[in-house]
Amino acid sequence: MIILFVVLPLIVAGILPLVGKVSRRVLPDLLANATLLALLVFAAVAGRPLIAGGPVLQQLSWLGEAVNLRLALDGFSLLMLLAVSLVGLAASLFSIDYMEHYGAKANYYALYLVMIAGMNGLILSRDLFSVYVFLEVAAVASYALVAFGLGHDELEAAFKYLMLSVVASAFLVAGIAVIFGMTGHLDFAAVAAGLKELNAVPVMAIASAFFLLGFGLKAALIPFHAWLPDAHPSAPAPISAVLSGLLIKVSGVYAMARIFLNVFGLTPALSTVLMWLGVISLVVAAFLALGQKDMKRMLAYSSISQVGYVVLGIGIGTPLGIAGGLFHLFNHALAKGLLFLTSGSVQQATGTRDLDAMGGLAKRMPVTAATNLVGSLSIAGVPPLNGFWSKLLIIMALVQAHHPAFAVVAVLASVLTLWYYLIIQRKAFFGQLNAKWAAVKEAPFWMTAATVLLAVLCVGIGILFSLTVTTWIQPAADVLADGIHAVTGSWGF
Amino acid sequence: MILQTALLIGVVIFSVLAILLRDLLKSAIALAAASLLLGIIFFRMNAPYAGVFEISVVAGLITVLFVLTIALTKTGEEVRESRLVKWAFPLVFIAFIVVDALVMKSLLGQVPALAAGAESGSFGEVLWRARTYDLVGQIAVILAGVFSVLALFRKREKHD
């Protein structure tokens with residue numbers, strides 16, 4: 001019953017506003033978190049046995065009649081479902097205390113669950129148009145969540161995000177129309193088989209360009225990144241965590257990788273374009289991050305830079321590169337989710353996001369400071385944390401595929417990453433305690449619990465990295481490395 | 001063919017007007033006109049359902065909403081827009097048309113004939129049988145829209 005990943009959050013979202021009339025806080029907190037916990041258990045425990053015998057393809061029946069509700073679950077989608085439920089649960093736990101002062105909590109959780117359902121729906125779909133529909137589901141919910149604080153900045157950021165996101169959707173629909181016009185199909189397997197048969201290179205190039213623009217905007221790769229540094233910092237902290245940790249990866253990287261590698265087949269030209277986009281993003285965004293004074297804005301630029309690593313890894317197209325890219329995607333989801341949550345704790349305690357105004361907060365907020373340090377070092381790629389292993393895999397893959405120049409750039413950008421994360425750590429947490437913050441207290445229980453959960457995962461995955469790679473990452477990478485055979489072969493066409 | 005071309009040119013002209021006109025009311029009406037012509041094109045291309053939805057929802061309902069919203073707003077201070085937009089948009093538009101005229105014809109020649117795939121069938125069959133999963137998505141989009149309105153138009157509570 002993999003449809004539960006979509007339907008369960010939707011049903012709970014549907015009843016939440018009604019529940020909110022009865023109980024303003026406790027029941028919405030409980031329902032939303034229980035839903036995400038159920039999804040996490042489903043993905044983590046039941047997922048792997050389900051796909052042990054190959055990808056699961058479901059065709060459901062409705063009142064005894066077969067309907068075309070067709071879903072697919074394979075190694076790649078399972079990894080993404082796990083990431084969504086894991087970071088989704090952490091952000092939702094964090095919301096219990098953090099969203100208290102925003103009001104309208106039931107409404108907030110309803111939108112949040114619709115966004116989760118949208119992402120899960122996209123991950124499970126096996127058809128180009130469904131990808132577009134669910135991408136919009138997640139996007140529409142996220143516009144409202146970015147603006148949830150209703151302040152001037154929030155509304156402006158949400159509007160900018162909406163505008164650029166609509167442009168992305170327009171390009172995606174144009175790309176889908178071109179593909180449908182050529183093949184007469186929308187189903188991944190049928191499109192892959194049709195494109196292989198047709199071999200119409202120029203039209204394929206146009207469709208690829210449309211998808212690249214669309215997904216590039218969604219993933220905020222440079223030069224399509226303008227919306228992200230506004231949208232992500234303005235949102236409430238748990239939403240920033242989900243947007244940076246999950247949404248840009250599901251609606252940008254996942255969809256792009258699925259379509260380019262499994263449906264189109266990665267051509268050398270496409271591989272080169274992806275690698276260049278990745279390298280430009282990771283270098284330029286790292287420099288842009290260095291100059292930021294706003295803590296969350298720095299994290300937002302860092303997200304662009306790290307997505308650059310992911311795209312670079314997947315773009316190499318070798319099994320090792322893809323595994324490295326996907327592992328980094330997963331690690332970054334955890335670590336960036338963690339960092340946006342700790343930045344939320346800091347913002348709530350001090351009321352500012354300005355790094356220059358902070359200082360010495362480690363004395364008052366030791367747990368937040370420690371978890372923030374774990375997240376920072378993990379993204380910067382310091383051993384033995386999880387981010388180190390994924391970056392190592394990407395760099396090894398670059399060397400193996402004879403791209404030593406890219407490998408050197410990736411290493412140097414990693415040093416830059418460490419630099420700006422140490423700036424955050426030093427300015428916010430270390431040094432003399434700013435007298436203004438003498439009365440600051442550690443964040444409330446659920447907020448700390450959520451950050452500790454993610455920090456423990458960052459350390460744990462770093463220590464048990466080979467186990468993680470073999471159980472979760474490798475099956476996902478195999479699907480992508482298999483190219484179009486993954487869908488034409490086993491997806492029943 | 002001539003009628004078709006005239007309709008298409010009409011869609012483009014009214015869409016451009018919708019962007020360039022300074023008066024919001026005129027802009028909304030230009031958009032409605034563009035959508036009306038698009039609806040007629042859908043009818044002529046044998047897609048009556050798309051035509052009906054385009055005309056009733058986009059040309060009708062949404063225009064009414066736009067006009068109502070504009071009627072509710074007051075004229076405030078004139079917002080100066082960047083001069084760049086005035087120059088950039090027509091330039092990009094002309095460049096697009098030139099590229100379109102040069103490239104599209106040869107590209108269209110390479111598009112293979114549309115194969116009748118699994119997606120063909122009557123409107124009802126396609127909507128309820130072939131695209132059932134999208135219906136779940138549609139429900140989710142509507143939910144997202146309703147919750148967004150509830151969230152964005154709620155009474156503001158104090159927060160920092």
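Trainee: Which residues touch the most other members of the largest nonpolar core?
Mentor: Happy to start there, and do keep in mind that this is a predicted model. The largest nonpolar core holds 212 residues, and helix α10 (residues 237–264) of chain A gives the most to this core, with 19 residues. The members that touch the most others are Leu79(A), Val87(A), Leu111(A), Val114(A) and Val137(A).

Trainee: Leaving aside neighbours within four places in sequence, which residues is Val114(A) in contact with?
Mentor: Its partners come from both chains, once neighbours within four places in sequence are left aside. In chain A they are Leu10(A), Ala13(A), Val137(A) and Ala141(A). From chain B, the contacts of Val114(A) are Ala140(B), Leu143(B), Ala144(B) and Phe147(B).

Trainee: How many residues does the second, separate core have?
Mentor: Look in chain B for some of its members, including Ala28(B), Ala30(B), Leu37(B) and Leu38(B). This second core is separate, and its residue count is 9.

Trainee: Which element gives the largest share of the side of chain B that touches chain A?
Mentor: The contact takes 50 residues from chain A and 33 residues from chain B. On the chain B side, the elements that give two or more residues are α4 (83–110), α5 (123–130) and α6 (132–152) of chain B. With 15 residues, the largest share comes from α6(B).

Trainee: By class, how many nonpolar residues does that side of chain B have?
Mentor: Let's go through the classes for the side of chain B that touches chain A. There are 7 polar and 8 charged residues. The nonpolar count on this side of chain B is 18.

Trainee: How many helices are there in chain B?
Mentor: Chain B has 0 strands. Read along the sequence, its pattern is α-α-α-α-α-α. The number of helices in chain B is therefore 6.

Trainee: What percentage of the residues in chain B is buried?
Mentor: Chain B has 160 residues. Among its contacts with a separation of 6 or more, 41% are between residues 24 or more positions apart. The buried residues of chain B make up 16%.

Trainee: What distance separates the centres of domain 1 and domain 2 of chain B?
Mentor: Domain 1 of chain B covers 1–73, and domain 2 covers 123–155. Taken over C-alpha atoms, their centres are separated by 23 Å.

Trainee: How are α7(A) and α10(A) placed relative to each other?
Mentor: Helix α7 (residues 188–198) of chain A packs with α10(A), their axes being 9 Å apart. The angle between the two is about 55°. Angles under 35 degrees count as roughly parallel and those from 65 to 115 as roughly perpendicular, so α7(A) and α10(A) are oblique.

Trainee: Which residues of α10(A) make the contact with α7(A)?
Mentor: By class, this contact has 6 nonpolar, 1 polar and no charged residues. From α7(A) come Phe188(A), Val191(A), Ala192(A) and Leu195(A). From α10(A) come Asn262(A), Val263(A) and Phe264(A).

Trainee: Is Val487(A) buried or exposed?
Mentor: Val487(A) lies in helix α19 (residues 485–490) of chain A. Not counting residues up to four places away in sequence, Val487(A) touches Phe188(A), Ala189(A), Ala192(A), Asn262(A) and Val263(A). Because 27 other C-beta atoms lie within 10 Å, and 20 or more is the cut-off, Val487(A) is buried.

Trainee: Which loop holds Pro223(A)?
Mentor: A cis peptide bond joins Ile222(A) and Pro223(A), with omega about 10°. Pro223(A) lies in the loop between α8 (201–219) and α9 (228–234) of chain A.

Trainee: What is omega for the cis bond from Pro383(A) to Pro384(A)?
Mentor: Pro384(A) lies in the loop between α14 (366–380) and α15 (386–400) of chain A. For the cis peptide bond from Pro383(A), omega is near 5°.

Trainee: How exposed is Leu150(A)?
Mentor: Leu150(A) is not a glycine, although its phi is positive at about 65°. The residue is found in the loop between α5 (128–146) and α6 (152–183) of chain A. With 19 C-beta neighbours inside 10 Å, Leu150(A) counts as partly exposed.

Trainee: And is Asn46(B) buried or exposed?
Mentor: Asn46(B) also has a positive phi, about 70°, although it is not a glycine. Its place is in the loop between α2 (24–44) and α3 (48–72) of chain B. Since 8 other C-beta atoms lie within 10 Å, and 12 or fewer is the cut-off, Asn46(B) is exposed.

How values were computed:
Residues numbered from 1 in each chain as written. Chains lettered and ligands numbered in written order. Predicted model: local features only at pLDDT ≥ 70, side-chain atom pairs only at ≥ 80, totals over all residues. Core = buried A, V, L, I, M, F, W, Y, C linked by C-beta atoms within 7 Å. Helix = DSSP H or I, 4+ residues; strand = E, 2+ residues; numbered from the N terminus. Contact = placed C-beta atoms within 7 Å. Nonpolar A, V, L, I, M, F, W, Y, C, P; charged D, E, K, R; others polar. Axes fitted to C-alpha atoms, helices over the stretch in contact; angles between N-to-C directions. Parallel < 35°, antiparallel > 145°, perpendicular 65-115°, else oblique. Domains from an automatic or database assignment.
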